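Please look over the sequence and the structure before reading on.

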Amino acid sequence: MLQEYDGLPEGLLETNSRHLADRLGAPSLIHLAGAREPALFVSVLMHGNETVGWDAIRGLLLERRARFGDLRLPRALSLFIGNVTAAASGVRRLPGQPDYNRVWPGSQLAPTIEHRLMRRVVEILSERRVFASLDLHNNTGLNPHYACVNRLDNRFLHLATLFSRTVVYFIRPAGVQSMAMAELCPSVTVECGKVGEQQGIEHAWRLIDAALHLTDIPEHPLPARDIDLFHTVAQVKIPEDVSFAFAPADGDLVLDPELERMNFRELARGTAFARVRTGSGAVLAVIDELGLDVGSRYFGLEGGELRLRQRVMPSMLTRDETVIRQDCLGYLMERYGEHLPGSA
Ligand SMILES: [Zn+2]
């Protein structure tokens, strides 16, 4: 169950993500005092192998302690360290665990003890009040660093563009941290590139530092030239009963090994996604924001290949077969600039 601390457990900042479970034993919410209230909320390790958030926050806190002798935070900080047991094994989640970023209030999955735990975190933060929320992730595909929001609200977009001019708006999948926290404060999820990349850690560190130093979050519109806003319209999955492989290996669906290069590129109608084994009838499942499979709207079979039937821009397309099976192949997006609130 959830553990709560006022102050840092001894030696925690010196502990890498693989050893947090030995030190903490369970998901932990840690409150640290600062010059301003209410606290900035930062969550890390929703996915156990995505170490960027923990490495960024402990780097920042260690650096402040070395510089000032204590943390001397410009704003209070509430830090949630999520799936420590999966982190011990270096995996997204352990067998039998739900995805920790699908079980926050608003989740559509069958209730688990993890749902109760996340609900408790939100209740505690609601009582204490919270300034803004950052949820820090790595991803597996070849993607730019970008921020995600679940509301088209200027304060959310300002927070997002502290990290990147590339911003993705989505409302599915449900049960993610940033959507639950959006009920309480401006809230973003940030995707900091692949695991272990130093520039991702430094980028996340700079975001946390900038957010800790904000006195308020502006409500005025962003100039359209300062933001590239995209809308995730669907999630692409490979149905469980369909086998897949990357060429030259064989399966019902044979995917292009260069698939990740399509991320954040506007693709023309007719672009091939996969070769289909003759007679297999294999398709890609494309789940829209209402949870409906709209595969035939996006992909058609032409010359033995699944090809795009309309222009889209993919994100998070990955070659990681575990992620493809546990989560999805990737997402489809559309440009959304004309939906910027209050812009001329
Ligand atoms: Zn993640």
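The sections below cover the basis of the model, its backbone, its nonpolar cores and its salt bridges.

## Basis of the model

The model is predicted; local features need pLDDT of at least 70 and side-chain atom pairs count only at pLDDT 80 or more, while totals for chains, interfaces and linings use all residues. Residues are numbered from 1 along each chain as its sequence is written, and side-chain values use heavy atoms, leaving out hydrogens and water.

## Backbone features

Glu 37 and Pro 38 are joined by a cis peptide bond with omega of about -5°. Pro 38 belongs to strand β3, residues 34–44; strands (E, at least two residues) and helices (H or I, at least four) are DSSP runs numbered from the N terminus. A cis bond also leads from Ala 247 to Pro 248, where omega is near 10°. Pro 248 sits in the loop between β10 (244–246) and β11 (253–255).

Leu 45, although not a glycine, has a positive phi of about 60°. This residue is in the loop between β3 and α2 (52–68) and is buried at 0% relative accessibility. Here buried means under 20% relative accessible area, exposed over 50%, and partly exposed in between, with a 1.4 Å probe and protein chains only. Met 316 is not a glycine either, and its phi is positive at about 55°; its relative accessible area of 22% makes it partly exposed.

## Nonpolar cores

A nonpolar core is a set of buried Ala, Val, Leu, Ile, Met, Phe, Trp, Tyr and Cys residues joined through side-chain atoms within 4.5 Å. The largest has 53 residues, of which Trp 54, Ile 81, Leu 134 and Ile 208 touch the most other members. Apart from it lies another core of 28 residues, including Val 233 and Leu 332.

Beyond its neighbours within four places in sequence, Ile 81 is in contact (heavy atoms within 4.5 Å) with residues including Leu 12, Val 44, Leu 45 and Trp 54.

## Salt bridges

The count of salt bridges comes to 20, each being a side-chain nitrogen of Lys or Arg within 4 Å of a carboxyl oxygen of Asp or Glu. Glu 14 and Arg 65 form one of them, at 2.9 Å from N to O. Because Glu 14 lies in the loop between β1 (3–6) and α1 (20–24) and Arg 65 in helix α2, this pair ties together parts 51 residues apart in sequence.

Arg 120 and Glu 123 also form a salt bridge, with their closest N and O atoms 2.9 Å apart. Both lie in helix α4 (residues 113–128), three residues apart, about one turn of the helix.
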